[in-house]
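This report walks a new reader through the strands and helices of one model. Please keep the structure in view while reading.

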Amino acid sequence: MSYNTAIEKIYKKSDTGSELKLYINIPEDNKKDRPAMIFFHGAGFSNNKSNASQFQHHAEYFTSRGLVTICAEYRPLDVEGLYSPIDSLYNAKSAIRWIRENSELLGINTNKVIAAGASAGGYLSLCSAMIDHFNDPSDNIMISSKPNATVIFNGGVDSNVLINLFPELSDDLRIASPINHIRENLPPCILFHGTQDVNIRLEEIINFSEINQLKGNLTRLVTFEGLGHGFFNYGVHENKPYIQTIQETETFLKEINMWG
């Protein structure tokens, strides 16, 4: 099953009127009560760099292992340049709610929804798990937008860098900063990060991980020596980090009873 043959569903329209889609892969058997994994791509809230297909190979693998997988659009493809991280967060939360609202159609367990994301998408995954603010008024807020676990590929944990890019959103972005919302009883999290990442410094991720652990939250940090941003992508570094992150993710999800 591939991104090109995935089931396309429109889950909402963006503020520009563009349709935002989910690309859904469902295992061929008719089992129910499956875990679901939604992937949010990277590219720093700018268009024409990456889209929902970034995670198509990850989605194919996890679907072959029995999970329902979803590759999400969280920003309109027709907008040039930068696109609001706050609007993107509204959309990411809407996508997670759509999955739970359509759990019977998808055959999923609503208590086993995993948010995975890269860079900007990792930031959105963490924000969805940790921050109560920024819910679309058109959403049914009785349906939770919080994932039950997160898988973060070189994701952002501090919004300071975004404030530099979006100074007009500085007040909202100070709120939408995962590092400021660490508390007890957060979803389990695994973070993958390269030691030579110049976009998001490893020191920030170590600090986030340590504070999260001190609050009693299950947090696992896996570092990749000498590698930079985007090291995990399919087709990079002979696929060695891609394969390792998949294996580590599978082990982690089984340990926390999200799978199997």
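In this predicted model, F192 stands opposite V222 in strand β8, and the two strands concerned, β7 (residues 189-194) and β8, pair in the parallel sense over six bridges. Helix α7 (residues 202-214) lies across β7 and β8 and runs at about 160 degrees to β8.

These strands belong to an open sheet of eight strands with mixed pairing, in the order β1-β2-β4-β3-β5-β6-β7-β8. Because β1 and β8 (219-224) stand at the edges with a single partner strand each, one side of each is left without a neighbour in the sheet. On average, and with direction ignored, neighbouring strands of the sheet are turned by 20 degrees against each other.

Strand β5 (residues 108-118) is largely enclosed by the rest of the structure, because nine of its eleven residues are buried. Its pairings are set out below.

| Pair | Bridges | Sense | Residues facing each other |
|---|---|---|---|
| β3 (residues 34-40) and β5 | six bridges | parallel | F39 and A116 |
| β5 and β6 (residues 149-153) | five bridges | parallel | A115 and T150 |

From β5 the chain crosses through helix α4 (residues 120-130) to β6, in a β-α-β crossover that is right-handed. Another helix, α1 (residues 56-64), lies across β2, β3, β4 (68-72) and β6, and runs at about 165 degrees to β4.

Conventions:
Residues numbered from 1 in each chain as written. Predicted model: local features only at pLDDT ≥ 70, side-chain atom pairs only at ≥ 80, totals over all residues. Heavy atoms only, no water. Buried < 20%, exposed > 50% of the residue type's maximum accessible area, 1.4 Å probe, protein only. Helix = DSSP H or I, 4+ residues; strand = E, 2+ residues; numbered from the N terminus. Pairing = 2+ DSSP bridges. Right-handed = clockwise from strand over helix to strand, strands pointing away. Axes fitted to C-alpha atoms, helices over the stretch in contact; angles between N-to-C directions. Contact = heavy atoms within 4.5 Å.
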